[in-house]
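I opened a new notebook page for this structure. My plan is to go from the whole chain to a single residue.

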Amino acid sequence: MDKLLIRGGRPLHGEVLVSGAKNAALPELCAALLTPEPVLLANVPHLQDVATMLKLIRNMGVSAERADDGSVRIDASALSTPEAPYDLVKTMRASVLALGPLLARFGEATVSLPGGCAIGSRPVDQHIKGLQAMGAHIVVEHGYMIARLPEGWTRLKGARITTDMVTVTGTENLLMAATLAEGETVLENAAQEPEITDLAEMLIKMGARIEGHGTSRIRIQGVERLHGCQHAVVADRIEAGTFLCAVAATGGDVFLRHARADHLDAVTEKLREAGADVQAEDGGIRVRSAGASQLKAQGFRTTEYPGFPTDMQAQFMALNCVAQGTAAVTETIFENRFMHVNELLRLGARIQVDGRVAVVEGLGGAAGAGLSGAAVMATDLRASASLVIAALVADGQTVVDRIYHLDRGYDRMEAKLRGIGADIERI
C-alpha cells in the first residue's frame, strides 16, 4: 500500500497547475449519458474517483477513451445496461449521479445505494423524492434503487421541487434529469457550488435550456433530445485551497495557475486574516507567506457555498495548529468530519473536540511550528490533505499511510508539491 514520506521545514516557491475539479468532472461524465452523440471533456483530472466513474460507465456499454492531454471522449450511443452495480458504486458516492441521466434517457435505471468517505450521513432520499415528483416510480430493494417511468410514459414530467436540505449531488441529479423532462422543472433550495454552474454550462452546450444556475432557484425547460459537445472541466477550487493553506503554513511564494479566485472568497478571506498575502492575478492566484511564525489562528464555521466549504475544514485546521492563538472550528455539514484530529494530535497538535466544535490551540510558530514528525494514517480524502500540510511544517519525518484516500481527489499531489520545493516522496 502506498504511503507518503515527508520531511518538513521547507518553504514552497514556484508555480502549481491546478487540475480540473473532481466534483465537476464526475457529474459531467454522467451528463454524457444523456445523449447518444459523442461528448469531449477536457481538463479531466487523473484521480481514482474519475477512474472508478469511467469503469462504471464502461460497464454499461459506454465507450470512454482517455487521451494523453487529459481529455476524455465519451460515446453513450451503444449504452446497453442502465445499471450501476454495488461492486463499483460502493467505493464512490458520486456513482448515484448516474440515476437521473439514465432514468431521463432510457426510462429506467438500477443504481446501488452509494458508498464513499465515512464522514457522515449523506442520504439519497432527496434524489428519490425529486425524481418521484417528476413522475418516476422508485423502490429500494436489496440495496438498489430501482427506478421506472409509469406505464405509457416516454419522458419524465417537469415539476416544482423543493429539497429539504441543500444537496449538491441531489441538485446535480435532478438538474440532469430535468433537461429531458416534458415541460418546466423548478429546483428550489438548489445548491450554488461552482461545480453545479459548470455542469449547467455543459448541459446548455448540449442543448439544454437552463436559467438561474449558481443561485438557489434553477429553472429548466425540458427538451426532447440533447446532442454532443466539447467542454473543459472547471479548475478544482478545493485543490487550489489546499495549496493555499500549504503555502501559508510553510511560508513561500507560489502562483496557482488556473485557480479561480471568485470561487474561493470565503477561504482567501480567512487566509488574509490569518496573515497570508493572497492576491488574484491574471490566470490564477498568488499566495505569499512568512510561514507559521506570522500566522494567527482563525475561527470559522463550515456551511454551504458561498460560505466556508466543509471540504476545506481539515486543511485550514492544520494551518491553525501551527499558528498563534486559539480558534474554534464548527462543522455543520458532516457529523463525522473531525477524524483527522486524532492523527494531528500524533504530530503534537493541541485540539479539543466537543460535538461539532473543535477548539485548536495554535503552537505559536515555534521551531518546526511546534509539530514533530510521526507515523499517521489518512481516514478520508480531505483529512489526508490536512496531514500532508501538517507534515510539510513539522520537524523531522512524517509517514502518511492509506493515501489511497488522497488519490481519490488530488491529481499527483506529491509531484506538484515536489515541484515547488517540498521534500516528499511516494513509497
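I count a contact when heavy atoms lie within 4.5 Å. On that basis, residues 24 or more positions apart account for 75% of the contacts with a separation of 6 or more. I note that the model is predicted, that local features need pLDDT of at least 70, that side-chain atom pairs count only at pLDDT 80 or more, and that totals for chains, interfaces and linings use all residues. Residues are numbered from 1 along each chain as its sequence is written, and side-chain values use heavy atoms, leaving out hydrogens and water.

Whole protein.
I looked up the elements and found 14 helices and 24 strands. These are DSSP runs, numbered from the N terminus: helices are H or I with at least four residues, strands are E with at least two. The radius of gyration is 22 Å, close to the 22 Å of the globule rule for 427 residues, so the protein is as compact as a globular protein of that length. That radius is taken over C-alpha atoms, and the rule is 2.2 Å times the number of residues to the power 0.38. I then checked burial: 58% of the 427 residues are buried. Buried means under 20% relative accessible area, exposed over 50%, partly exposed in between, with a 1.4 Å probe and protein chains only.

Glycine 158.
I found glycine 158 in the loop between strand E9 (144-148) and strand E10 (160-162). Is it buried, partly exposed or exposed? Its relative accessibility is 27%, so glycine 158 counts as partly exposed. Leaving out residues up to four places away in sequence, glycine 158 touches Ala181, Glu182, Gly183, Glu184 and Thr185.
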